[in-house]
Amino acid sequence: YQRRVREAVVSTQSTGSSGINAEYGAFRIPQIPNLLSQVTVAMQSTIFVLALLAVAAAKYDPKNCEVCVTFLGKFRTQLDALDASVQSNPDKIETELRKACKTKQPKDERFCWYIGATETSATGMTQVVTKPMSFHKPVEKICGDLHKKDAQICDLKYEKQIDLKTVNIKKLKVKDLRKILEQNGQDCKGCSEKSEFVKKVEAIAREQGRTEL
């Protein structure tokens, strides 16, 4: 029987058949090359799908890049108020950017750290901002360029802000008043009474258009 099986295997190898002759029963020997080919195709398909998922996950959306778009939008407004010689010069724009980055707003400060516009920054990407700013490239597209360099930039989110136009400021807790000041780049050094924090926050509310307090 063993001799007949060996003969069948030899016959399979010489003829390219995928199994033993019907004379030896229903037992079939798979072709190893074909099996490897199928496994390879399956692995390639899996890798391709995973790559597509990774690309989709990393896709840039300005709506999900809140801090970058907001901060650079405010900075663009500041630049527009300066002389044209500043607006068109990347070096002078960087000087203004570093000034704007001396902020007390935690998320803005973190964003500035990411792009290399603070003294403690480990990397430097300010040219990705300053050069396109010099020819008025939209901030949404600049943030897209930054996202390609470091996707973490778009992970920065502002804390939910309290609507100063409607909230009863006097009823807010001191920690909430502190947070409002922080979100607006201000502090209340030397303040020890709640009424002092309230007064500072009310001033911010007036700046934002609230008339009745």
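Me: What is the relative accessible area of glutamate 66?
Reply: Glutamate 66 is partly exposed. That class lies between the buried limit of 20% and the exposed limit of 50%. In this predicted model, the relative accessible area of glutamate 66 is 30%.

Me: Which residues is glutamate 66 in contact with, leaving aside its neighbours within four places in sequence?
Reply: Glutamate 66 is found in helix α3, which spans residues 66–80. Its C-alpha atom is separated by 9.4 Å from that of isoleucine 153, a residue 87 places away along the chain. With close sequence neighbours set aside, the contacts of glutamate 66 are Leu156, Lys157 and Tyr158.

Me: What percentage of the residues in the chain is buried?
Reply: A residue counts as buried under 20% relative accessible area. The chain has 213 residues. Of these, the buried share is 31%.

Me: What share of the contacts with a separation of 6 or more comes from residues 24 or more positions apart?
Reply: Start with contacts in the chain that have a separation of 6 or more.

Me: How are α3 and α6 oriented to each other?
Reply: Helix α6 covers residues 106–115. It packs with α3 at an angle of about 90°, and their axes are 10 Å apart. Angles of 65 to 115 degrees share one class. The two helices are therefore roughly perpendicular.

Me: By class, how many charged residues does the contact of α3 with α6 have?
Reply: On the α3 side are Val67, Cys68, Phe71, Leu72 and Lys74. They meet Lys107, Asp108, Phe111 and Cys112 in α6. The class count gives 6 nonpolar and no polar residues, and the number of charged ones is 3.

Me: How are α7 and α8 oriented to each other?
Reply: Helix α7 holds residues 126–134, and helix α8 holds residues 139–149. Their axes come within 10 Å and cross at roughly 155°. The crossing is right-handed. With an angle over 145 degrees, the pair is therefore roughly antiparallel.

Me: How many nonpolar residues does the contact of α7 with α8 have?
Reply: Val128, Val129, Pro132 and Met133 of α7 make the contact. Their partners in α8 are Val139, Ile142, Asp145, Leu146 and Lys149. By class there are no polar and 2 charged residues, and the nonpolar count is 7.

Me: Which residues does threonine 126 touch, not counting residues up to four places away in sequence?
Reply: Threonine 126 lies in helix α7. It is buried, with a relative accessible area of 7%. Beyond its close sequence neighbours, it touches Glu94, Leu97, Arg98, Ile115, Gly116 and Ala117.

Me: What distance separates the C-alpha atoms of lysine 131 and proline 90?
Reply: Lysine 131 has its place in helix α7. Lysine 131 is exposed, at a relative accessible area of 55%. Proline 90 lies 41 residues away along the chain. Between the two C-alpha atoms the separation is 5.1 Å.

Me: What phi does histidine 136 have?
Reply: Histidine 136 lies in the loop between α7 and α8. It is partly exposed, with a relative accessible area of 45%. Most residues other than glycine have a negative phi. Histidine 136 is not a glycine, yet its phi is positive, at about 60°.

Me: What arc do the buried residues of α9 cover around the axis?
Reply: Helix α9 runs over residues 174–183, and its buried residues are Asp176, Leu177, Ile180, Leu181 and Gln183. They sit on the same side of α9, because the arc they cover is only 165°.

Me: How many nonpolar residues are in the contact of α9 with α10?
Reply: From α9 come Val174, Leu177, Arg178, Ile180 and Leu181. They meet Lys194, Phe197, Val198, Lys200, Val201 and Ile204 in α10. None is polar and 3 are charged, while the nonpolar number is 8.

Methods:
Residues numbered from 1 in each chain as written. Predicted model: local features only at pLDDT ≥ 70, side-chain atom pairs only at ≥ 80, totals over all residues. Heavy atoms only, no water. Axes fitted to C-alpha atoms, helices over the stretch in contact; angles between N-to-C directions. Helix = DSSP H or I, 4+ residues; strand = E, 2+ residues; numbered from the N terminus. Parallel < 35°, antiparallel > 145°, perpendicular 65-115°, else oblique. Left-handed = near helix turned anticlockwise from the far one by under 90°. Contact = heavy atoms within 4.5 Å. Nonpolar A, V, L, I, M, F, W, Y, C, P; charged D, E, K, R; others polar. Buried < 20%, exposed > 50% of the residue type's maximum accessible area, 1.4 Å probe, protein only. Arc of directions from axis to C-beta.
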